[in-house]
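Biologist: Hi! Could you walk me through the charged pairs here, and then the aromatic rings?

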Amino acid sequence: MSQHEKIALGVEQFITRQLESNQTDEFADNLLIDVTPVDSRIKIPDCSLPFEYDVDSATLTQSYLTVRVSCNDNNWYLFTTAKVTRTRTIVVTASMISPNTVISAGNVTLAEVDIKQLRHTPYTSVDAVVGARLKYRVREGQPVQSNMLCFVCKGDRITISARAAGMAVKTSGIAQQDGVIGDTIRVENSNSRKTVVAEVASTQEVVVNL
């Protein structure tokens with residue numbers, strides 16, 4: 001391996017370590033790092049010590065990084081760049097889907113998507129979106145995100161579960177808002193006609209914690 005190739009590999013491994021150490025959320029990114037080859041006309045001296053690499057930590061979220069490569073043995077250094085593409089394995093549509101379609105396992109699949117396309121919460125499991133309803137038409141290959149779905153949709157008849165001190169009471173209700181699992185929405189009690197705020201637990205149930 002030439003010195004130029006060693007430096008390119010070293011830059012890639014260095015950036016990978018820096019970025020992976022900063023990934024803490026449950027949607028950890030898949031990294032693709034494309035290092036710009038060092039110009040073959042640049043003479044790289046022998047270095048008895050391992051090359052050292054440095055990058056401004058404030059730029060680690062950017063798509064293009066500038067890395068300083070140096071040899072402390074002889075005070076030699078150069079700057080090179082690398083393009084970082086961050087993808088995430090998430091649920092995407094397997095075909096064009098019409099509004100109000102209830103998602104089945106056949107409607108969706110998993111694919112790696114550039115995270116720059118994501119503006120809302122994505123889903124990493126097909127099972128997590130099965131049973132939800134699409135709010136509008138989507139094309140094939142589109143990332144499935146929380147803003148596109150309602151697990152409980154406005155006007156749905158659902159079960160309201162009220163829980164307090166280890167007891168649970170259930171009654172029927174009508175959703176007054178759209179919501180995905182974990183959202184809090186307004187629901188009208190069908191018996192009392194009172195509106196309560198409840199958390200969406202599934203496509204059939206919301207929960208009121210008293």
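Modeller: Happy to! A salt bridge here is a side-chain nitrogen of Lys or Arg within 4 Å of a carboxyl oxygen of Asp or Glu. This is a predicted model, where local features need pLDDT of at least 70, side-chain atom pairs count only at pLDDT 80 or more, and totals for chains, interfaces and linings use all residues. Residues are numbered from 1 along each chain as its sequence is written, and side-chain values use heavy atoms, leaving out hydrogens and water.

Biologist: Great, how many salt bridges does the count come to?

Modeller: Four. One of them joins Arg41 and Asp39, with N to O at 2.7 Å.

Biologist: And is Arg41 buried or exposed?

Modeller: Exposed, at 73% relative accessibility, while Asp39 is partly exposed at 31%. The cut-offs are under 20% relative accessible area for buried, over 50% for exposed and partly exposed in between, using a 1.4 Å probe and protein chains only.

Biologist: What does Arg133 form a salt bridge with?

Modeller: Asp156, with the closest N and O atoms 3.4 Å apart. Arg133 is partly exposed at 25%, whereas Asp156 is buried at 14%.

Biologist: Switching topic: how many aromatic pairs are there?

Modeller: The whole-structure search finds three. Among them, Phe51 and Trp76 are edge-to-face, at 5.9 Å centre to centre and 65° between the planes. Rings of Phe, Tyr and Trp (its six-membered ring) pair if their centres lie within 6.5 Å; planes under 30 degrees apart are stacked, over 60 edge-to-face, and the rest tilted.

Biologist: Are those two buried or exposed?

Modeller: Phe51 and Trp76 are both buried.
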